[in-house]
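Colleague: I would like to go through this structure with you before planning further work. Could we begin once it is on the screen?

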Amino acid sequence: LLNDHAKTLLLMVLMAASIRSLADVRRYAVMHMVGAMIYCYFISTYFRVSVRSGRLGELIYYDANDLGLLLACTIPLCVYFLRPGVNAVIRLATTAVLGVIIYTLVQTGSRGAFLGLIACGIYLLFNFGGITKRVRIYAVGAMAMFLFTFGGDRYWDMMSSLLHPTQDYNWTGDVGRKAIFERGIGYMLTHPVTGVGARAFGQAEGTISAISDRQNYGIGLKWSAAHNSFVEVGAELGVIGFALFLAALYGAWRFVRTIGLPEQAARAGPLGPLGHAIGGVLIAYCVAGFFVSAGYSAFLYTIFAMVIGMMK
């Protein structure tokens with residue numbers, strides 16, 4: 001908390017304090033897109049999809065699921081810059097960035113990111129009121145075209161496993177995600193005030209979980225991460241920390257959705273469409289984040305900073 005997350009919170013405060021106008025919020029949105037594009041280029045240049053797994057392997061900093069979440073969350077910001085009134089060159093460049101993001105997202109082979117992408121597409125199509133329906137249909141159509149263009153047979157085989165969740169090891173195994181989620185909820189209930197400690201989920205798995213005793217008999221056990229942002233925060237920070245985390249997400253969501261409503265148009269002005277875009281970011285985070293440990297993600301706190309700046 002002191003050496004890592006405190007810096008993330010400081011970043012959030014500095015970003016929020018630096019926002020003076022809508023132009024500043026837009027600049028941060030652009031930087032998210034540019035950062036995603038540069039990182040995608042880096043990944044595509046220096047890493048290859050594993051022949052064995054059909055997805056990107058060790059990526060030094062992010063793993064494939066982390067990267068998939070970040071890319072899914074960046075898509076609504078791209079759509080924001082496709083709206084009418086934006087320079088045609090910027091819209092063309094944004095479409096290219098969207099293609100690069102979808103291409104890299106496919107390479108991650110992340111099923112959580114795929115679900116986040118679907119949730120994002122549904123939100124953009126039916127709830128992104130700040131942009132005309134024609135542009136929304138164009139954006140979702142472009143996403144679908146890129147997805148089917150870049151997604152090969154191996155990718156769709158991995159995604160099709162979502163249709164049969166009970167046949168996956170994550171459902172049946174005692175080290176699969178379903179069992180990890182259940183143990184994580186147990187950690188929160190048995191340590192409701194403090195949790196097991198920030199970034200200590202893996203240690204809890206290896207020392208106090210119901211299956212930790214097997215190590216006494218020489219049986220290996222992975223000291224696993226939570227693989228779920230909500231379970232991670234609840235288990236590690238307790239009920240109070242979990243409640244604050246949900247309150248932050250809900251508060252941000254409620255604000256950005258409210259300023260995007262037609263009855264708020266006169267007061268919110270051009271903030272409305274950007275608010276709807278950030279609403280899409282939060283939707284993608286909540287869905288994709290349900291399958292990856294991203295409760296302390298610096299990305300999420302930069303989004304909170306943008307929301308605070310918009311409130312200001």
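The conversation below takes up cysteines, a pair of helices, a further helix and some loop residues.

Modeller: This is a predicted model, in which local features need pLDDT of at least 70, side-chain atom pairs count only at pLDDT 80 or more, and totals for chains, interfaces and linings use all residues. Residues are numbered from 1 along each chain as its sequence is written, and side-chain values use heavy atoms, with hydrogens and water left out.

Colleague: How many disulfides are there in the whole structure?

Modeller: The search finds zero disulfides, a disulfide being a pair of cysteine sulfur atoms within 2.5 Å.

Colleague: Is Cys78 buried or exposed?

Modeller: Cys78 is buried, with a relative accessible area of 0%. Cys120 is buried at 0% as well. Buried means under 20% relative accessible area, exposed over 50%, and partly exposed in between, with a 1.4 Å probe and protein chains only.

Colleague: Turning to helices, how do α4 and α6 cross?

Modeller: The axes of α4 (residues 88–108) and α6 (residues 133–150) come within 9 Å and cross at roughly 40°. Helices here are DSSP runs (H or I, at least four residues), as strands are (E, at least two), numbered from the N terminus. Axes are lines fitted to C-alpha atoms, for helices over the stretch in contact, with angles from 0 to 180 degrees between N-to-C directions.

Colleague: Which residues of α4 meet α6?

Modeller: Among them are Leu98, Gly99 and Ile102 of α4, and the α6 side includes Ala139, Ala142 and Met143. Contact means heavy atoms within 4.5 Å.

Colleague: What covers the buried residues of α9?

Modeller: The cover includes α3 (64–80), α8 (169–172), α10 and α11. Among the buried residues of α9 are Arg177, Ile180 and Phe181.

Colleague: Where is His227, and what does it contact?

Modeller: His227 lies in the loop between α10 (201–207) and α11 (229–258). Beyond neighbours within four places in sequence, its contacts include Arg177, Ile180 and Phe181. His227 is buried, at 18% relative accessibility.

Colleague: What is the phi of His227?

Modeller: His227 has a positive phi of about 60°, although it is not a glycine. Most residues other than glycine have a negative phi. Arg199, in the loop between α9 and α10, also has a positive phi, near 60°. Arg199 is exposed, at 52% relative accessibility.
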